[in-house]
Amino acid sequence: MFVRTERLFLRPGWPEDVEELVEAISDEAVQRNLGVGELPRSTRAMRDYLSRPRDPRLPHFFMYLRAPGGPKLVGGIGLGRIEDEVELGYWIAPAHRGRGFAREAVRAVLAQARSLGHRRVVASQFADNPATRDVLEETGFSDSGNERERFSEGRGVPVRARIYVANLTDRPFLHAVGSLSSAPFASANG
């Protein structure tokens with residue numbers, strides 16, 4: 001499964017991406033704000049991660065900027081399960097932060113989630129990462145008023161995280177996503 005947005009191409013990782021992915025994910029600024037287990041930091045672990053079967057209703061993508069000199073890795077985004085809920089998570093490489101790539105990718109993945117039949121998606125935000133709060137609120141998520149303790153591998157300790165919710169059938173969500181000119185499409189391998 002692939003998703004194309006105005007500036008990005010969201011796709012699964014390929015074997016030729018391994019070194020670039022390991023370098024980007026190994027950045028401490030990336031690891032620090034992950035609300036899930038640590039992403040692979042070695043070539044072997046990354047190869048294993050990329051070869052694992054995935055639930056087609058919970059896609060994982062790497063974000064690539066479509067650029068004249070060739071694609072540039074921007075970050076990663078995907079859906080997963082936490083307890084009984086579908087959760088969105090993403091990361092942006094430090095060199096690409098502050099340029100709106102997270103908003104663009106989140107909108108596209110939420111539209112994809114809706115087309116896959118998900119009605120609700122949650123996301124977590126650590127208190128010391130206000131940029132995530134801004135991205136979530138600007139892409140149709142609402143603060144649930146709840147917090148959950150999440151273990152941060154990058155920090156090595158549990159951290160309180162604010163929980164945000166996107167109800168994918170709500171009109172405000174549809175308007176927020178509708179402002180994006182993305183065209184999701186499935187690959188033959190999808």
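A charge is said to sit over an aromatic ring if NZ of Lys or CZ of Arg is within 6 Å of the ring centre and within 35 degrees of the ring normal. Arginine 11 meets this description at tryptophan 14, lying over the face of the ring at 3.6 Å from its centre. The charged end of arginine 11 also sits over the ring of tyrosine 64, 4.2 Å from the centre of that ring.

The structure is a predicted model, in which local features need pLDDT of at least 70 and side-chain atom pairs count only at pLDDT 80 or more, while totals for chains, interfaces and linings use all residues. Residues are numbered from 1 along each chain as its sequence is written, and side-chain values use heavy atoms, with hydrogens and water left out.

The protein has six helices and nine strands; these are DSSP runs numbered from the N terminus, where a helix (H or I) has at least four residues and a strand (E) at least two. Of its 190 residues, 45% count as buried. Buried means under 20% relative accessible area, exposed means over 50%, and partly exposed lies in between, with a 1.4 Å probe and protein chains only. Among contacts with a separation of 6 or more, 64% join residues 24 or more positions apart, a contact being heavy atoms within 4.5 Å.

Tryptophan 14 also belongs to an aromatic cluster, together with Phe2 and Phe9. Rings of Phe, Tyr and Trp (its six-membered ring) pair if their centres lie within 6.5 Å; planes under 30 degrees apart count as stacked, over 60 as edge-to-face and the rest as tilted. The whole structure holds two aromatic pairs. Phenylalanine 2 and phenylalanine 9 form a stacked one, with 5.5 Å from centre to centre and 10 degrees between the planes. Phenylalanine 2 counts as buried because its relative accessibility is 15%, whereas phenylalanine 9, at 21%, counts as partly exposed.

Two strands pair if DSSP finds at least two bridges between them. Strand E3 (residues 60-65) pairs with E4 in the antiparallel sense over six bridges. The two form a hairpin with six residues between them, and glycine 70 in the turn has a positive phi of about 110 degrees. E4 (residues 72-82) in turn pairs with E5 in the antiparallel sense over eight bridges. Here the hairpin has two residues between the strands, and glutamate 83 in the turn has a positive phi of about 55 degrees.

Which residues stand opposite glycine 78 of E4? One is histidine 60, and the other is glycine 89 in E5. Leucine 79 has leucine 88 in E5 as its bridge partner. E4 is mostly covered, with eight of its 11 residues buried. In E5, six of the eight residues are buried, so this strand is largely enclosed by the rest of the structure.

Glycine 98 is exposed, because its relative accessible area is 84%. Its C-alpha atom is separated by 8.7 Å from that of alanine 131, 33 residues apart along the chain.

Helix H5 covers residues 130-138, and Thr132, Val135 and Leu136 are buried in it. Seen down the helix axis, the buried residues of H5 fall within an arc of 95 degrees, so they line one face; the arc is that of the directions from the axis to the C-beta atoms. These residues pack against E5, H4, strand E6 (120-126) and strand E8 (157-167). Just after H5, glycine 140 takes a positive phi of about 105 degrees.
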